[in-house]
Amino acid sequence: MKALILVGGFGTRLRPLTLSVPKPLVDFANKPMILHQIEALKAIGVTEVVLAINYQPEVMLNFLKEFEKKLGIKITCSQETEPLGTAGPIALARDKLIDGSGEPFFVLNSDVISEYPLKEMVNFHKGHGGEASIMVTKVDEPSKYGVVVMEETTGKVKKFVEKPQIFVGNKINAGIYLLNPSVLNRIELRPTSIEKEVFPKIAAENKLYAMVLPGFWMDIGQPKDYITGLRMYLESLRKKSSAKLSTGSHFVGNVLVDESAVIGDGCLIGPDVAIGPGCIIESGVRLSRCTIMRGVRIKKHTCVSNSIIGWHSTVGKWARLENMTVLGEDVHLGDEVYSNGGVVLPHKEIKSSILKPEIVM
């Protein structure tokens, strides 16, 4: 089987992290976002992953070369010269996806994190005999999304309603699809939307089915949702393989710490924290609901909550970071500095406090 991952754009919502690497390579729970998907695809027997990309393909491919070997899966790129929406890239990668076997192929949105029940999806797809399957997830506020209206028993999709003002259902497209090769004949090579143009036509012919995603789902394309997604991911990890989470007197709730990180005395860490490789957390530090990326040093008695600290940054002593503070790569925050939602671009030194949410160039 093959899979296409829609990598797409510039990751503007996750700046300043995406100023250093393309968005799919931003770490999430101590490994690049896209690796979560590639590993899940490999686990169910996918042999080739095609990345649909329009930005920095060399960086992506160079980086993923080592994982190709490690995972034993072929990774190639299909590069857009102009943005092609969500369906155009599938048409562009046509020759890479068709191998004459007639097997369906996966299409995944690279921002989505979930438990990836791909095996169940294959069984569901084969069972209904339609042309395409989409994964849907239940949400509390469907009016913000495109809602999928479906038959509860069979999963057959009746129609799509974009941002409904009256309640029509609470299931939305989760950005994971399994498509027969015949779907490629429905997509023109031009900027086009799979949700608005391709799927409604398949649904009109009664050939589109939706499977409700078990477990959690999050689009982690912006900092607030990234932090929420981390909480959900760690909770799911606790249920599935809790041995990967840290235990001990300085940990509260779910905490993921790379084995090469060093944590000082008297720290209190958690809940919902990921600490990457080579990090040094000095004594008396308090961390909660945050991600500390590779090579970061957090000095004594500092408090970090609801924040993302980018690679190789340093946070001084007795500092306080909160309210969706995001430090880009190699940012140095002085002692006793307070950041209330500061978003700091890479390679900056910050000596004075950031009292209200703002971007620091």
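Reader: Which residues do ring pairs link into a cluster?
Author: The cluster joined by ring pairs is made of Phe28, Tyr226 and Tyr233. Rings of Phe, Tyr and Trp (for Trp, its six-membered ring) pair when their centres lie within 6.5 Å; planes under 30 degrees apart count as stacked, over 60 as edge-to-face, and the rest as tilted.

Reader: What sort of model is this, and what are the ground rules?
Author: The model is predicted: local features need pLDDT of at least 70 and side-chain atom pairs count only at pLDDT 80 or more, while totals for chains, interfaces and linings use all residues. Numbering runs from 1 along each chain as its sequence is written, and side-chain values use heavy atoms, with hydrogens and water left out.

Reader: Back to rings. How many aromatic pairs are there?
Author: The count is four aromatic pairs. One of them is Phe160 with Phe199, a stacked pair at 6.4 Å centre to centre with 10° between the planes. Phe160 lies in strand E10 (residues 157-162) and Phe199 in helix H6 (residues 194-204), so this pair ties together parts that are 39 residues apart in sequence. Helices (H or I, at least four residues) and strands (E, at least two) are DSSP runs, numbered from the N terminus.

Reader: Is Phe160 buried, partly exposed or exposed?
Author: Phe160 counts as partly exposed because its relative accessibility is 23%. Buried means under 20% relative accessible area and exposed over 50%, with partly exposed in between (1.4 Å probe, protein chains only). Phe199 has a relative accessibility of 0%, so Phe199 counts as buried.

Reader: Which pair type do Tyr177 and Phe199 form?
Author: Tyr177 and Phe199 form an edge-to-face pair, 4.9 Å centre to centre and 80° between the planes. Tyr177 sits in strand E11 (residues 171-179) and Phe199 in helix H6, so the pair ties together parts that are 22 residues apart in sequence. Both Tyr177 and Phe199 are buried.

Reader: What about Val198, where is that?
Author: Val198 is in helix H6 and counts as buried because its relative accessibility is 5%. With neighbours within four places in sequence left aside, Val198 is in contact (heavy atoms within 4.5 Å) with Ala87, Val183, Ile187 and Ser193.

Reader: Switching to the core. Which residues touch the most other members of the largest nonpolar core?
Author: Phe28, Ile34, Ile38, Leu41, Leu51, Phe106 and Tyr226 do, in a core of 64 residues. Domain 1 (2-219) and domain 2 (223-359) both give residues to this core, so it lies between them. A nonpolar core is a set of buried Ala, Val, Leu, Ile, Met, Phe, Trp, Tyr and Cys residues joined through side-chain atoms within 4.5 Å. The domain bounds come from an automatic or database domain assignment.

Reader: How many residues of each domain are in contact?
Author: 22 residues of domain 1 are in contact with 29 residues of domain 2. The domain centres, taken over C-alpha atoms, are 30 Å apart.

Reader: And helix H1, is it mostly covered or open?
Author: H1 is mostly covered, with eight of its 11 residues buried. Ile34, Ile38 and Leu41 are among the buried residues of H1. Just after H1, Gly45 takes a positive phi of about 95°.

Reader: What does the side chain of Gln37 reach?
Author: The side chain of Gln37 reaches the backbone oxygen of Asn109 at 3.0 Å. Gln37 is found in helix H1 (residues 33-43) and counts as buried because its relative accessibility is 1%. Leaving aside neighbours within four places in sequence, the contacts of Gln37 include Ile5, Leu108, Ser110 and Tyr116.

Reader: Last one. Where is Cys290?
Author: Cys290 is in strand E19 (residues 286-292) and, at 0% relative accessibility, counts as buried. Neighbours within four places in sequence aside, the contacts of Cys290 include Ile227, Leu230, Val273 and Val304. The C-alpha atoms of Cys290 and Tyr209 are separated by 37 Å.

Note on methods:
A polar contact is a pair of N or O atoms within 3.5 Å; within protein, one must be able to donate a hydrogen and the other to accept it, and residues adjacent in sequence count only if both atoms are side-chain atoms.
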